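Hi there,

Here is the structure I promised to pass on to you. Have a look at it first, and then read on for what turned up in it.

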Amino acid sequence: MQTYKRFFLVQNKFVFLRHNMNKFSFLWTVWFMEWVLFACKPSPENSSITQNNQNNKMTLVQAPEFHQDSSYEFIVKQLAFGPRVPGTLQHQNCRDWIIEKLESYGAKVYVQKAKLRTYNGKEIEISNIIAQFFLEKPKRVMLSAHWDTRPFADEDSIDQSKPIPGANDAASGVAVLLEIARHLQNNPTQVGIDIFFWDLEDMGNSEVEDSYCLGSQYWAKNPYPTNYQASYGINLDMVGAQNAQFPQEGVSIRYAKGVLDKVWQTAHQIGYGAYFLFQQSAPIIDDHYYINKIAGIPTIDIIHKDISKDHFFEQWHTHGDNLEIIDKNTLKAVGQTLLQVIYNESPEF
Ligand SMILES: [Zn+2]
């Protein structure tokens, strides 16, 4: 797995240019300059280890228990449809199943449809799935993940033109959020919870600016429900692999440092500090980037990034992204942390 195809690592840019010129696009330059300006500002966020405020413990309420077995079964089910490549029947079938599940948990569900054009000229109808719980509550928290899978295995050595199973990228995020949705019906939170499943995240090309995350980009420019606002957002991507590491990612630090600290602190307090590292990773262009930048909702990304190898999970964008690499303990760490965060959230703005 190489991060560079999709994501832009500010710190390593020049090293990368020397060794990987063919993989890099100068289209990132404008965005890079923005980051340089940001990076030049003296700020405690630029230290390589972020503050661990473990001495300031939060008071935690009793949250429901996240069931990793149930969450795991949601991954099994998604994979049983086949690759969820936008424009295919498997994708439609999985969408209908997700909607049915969310409605069975009492959510008000909307599907935002649009015809979008990919970087290689394909016109594809997308479905962003939006599920709202506790509509009467004015303060809202947004949870999200993409639900489509990549149509090719460009990081694999074989069968690169065939689609990947996408167990971790991105069935794991959907599975964690469905398990959270399952708890909401009988255990109301003090705030409204909105779950967004973004479509067409993973059909991009790193040489083409803004070619990933097409579903979330569309939503950010055309929010639905109209005038939607949330206090903050948490996006999940690749949250099910064994020995996952979630460093504090650069875009999240820039736009939503307070949210990041709250979530990481919560994870540490309830025993999942081995996954949530108080270490920074470079900015990553994922769905949360557009939610921050265009929709203006401070949103973090919980995303697997092995800092020592400068890599996502090992099987990223290969056929090896299958059930074998999923670890229920990772699903539990992420899901329980999220449940704790949302049940701890007070109704006051
Ligand atoms: Zn991906």
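**The sheet and what packs on it**

An open sheet is built from six strands, in the order β1-β2-β4-β3-β5-β8, and its pairing is mixed. At the edges sit β1 (108-117) and β8 (299-303), each of which pairs on one side only. On average, neighbouring strands of the sheet are turned by 20 degrees against each other, direction ignored. Please keep in mind that this is a predicted model.

Inside the sheet, strand β2 (residues 123-133) and strand β4 (residues 192-198) run antiparallel and are joined by five bridges. If you want a pair to click on, Gln132 has Asp194 in β4 as its bridge partner. Two helices pack on the sheet as well. Helix α7 touches β5 (232-237) and β8, and its direction makes about 75 degrees with that of β8. Helix α8 (residues 287-295) touches β3 (140-146), β4, β5 and β8, and its direction makes about 175 degrees with that of β8.

Strand β6 (residues 246-249) pairs with strand β7 (residues 276-281) in the parallel sense, over three bridges.

Let me start with α3. Helix α3 (residues 68-80) has 13 residues, which at 1.5 Å a residue should span 18 Å; the C-alpha atoms at its ends are 18 Å apart, so the two agree. Its buried residues are Gln68, Ser71, Tyr72, Phe74, Ile75 and Gln78. Because these cover an arc of only 150 degrees around the axis, they lie on the same side of α3. The face turned away from that buried side carries the exposed residues Asp69 and Ala80. Among the elements covering the buried residues of α3 are α4 (89-104), α5 (167-184) and α9 (328-344). After the helix comes Gly82, with a positive phi near 100 degrees.

Now for α4. This helix has 16 residues and reaches 23 Å from its first C-alpha to its last, close to the 22 Å expected at 1.5 Å a residue. Buried here are His91, Cys94, Arg95, Ile98 and Leu102. Seen down the axis of α4, they fall within an arc of 105 degrees, so they line one face of the helix. On the other side of α4, the exposed residues are Leu89, Glu100, Glu103 and Ser104. The cover over the buried residues of α4 includes α3, β1, β2, α5 and β4. Just after α4, Gly106 has a positive phi of about 90 degrees.

**A serine to zoom in on**

Leaving aside residues up to four places away in sequence, Ser172 touches Ile75, Ala167, Met238, Val239, Gly240, Ile326 and Leu331. Ser172 and Asp237 are 65 residues apart in sequence, with their C-alpha atoms 7.6 Å apart in space.

**The chain overall**

The protein chain has nine helices and eight strands. Of its 349 residues, 49% are buried. Among contacts with a separation of 6 or more, 80% are between residues 24 or more positions apart.

Key
Residues are numbered from 1 along each chain as its sequence is written. This is a predicted model: local features need pLDDT of at least 70, side-chain atom pairs count only at pLDDT 80 or more; totals for chains, interfaces and linings use all residues. Helices (H or I, at least four residues) and strands (E, at least two) are DSSP runs, numbered from the N terminus. The expected span of a helix is 1.5 Å times one less than its number of residues. A residue is buried if 20 or more other C-beta atoms lie within 10 Å of its own, exposed if 12 or fewer, and partly exposed in between; C-beta atoms are placed from the backbone. The arc is that of the directions from the helix axis to the C-beta atoms. Two residues are in contact if their C-beta atoms, placed from the backbone, lie within 7 Å. Two strands pair if DSSP finds at least two bridges between them. Axes are lines fitted to C-alpha atoms, for helices over the stretch in contact, and angles run from 0 to 180 degrees between N-to-C directions.
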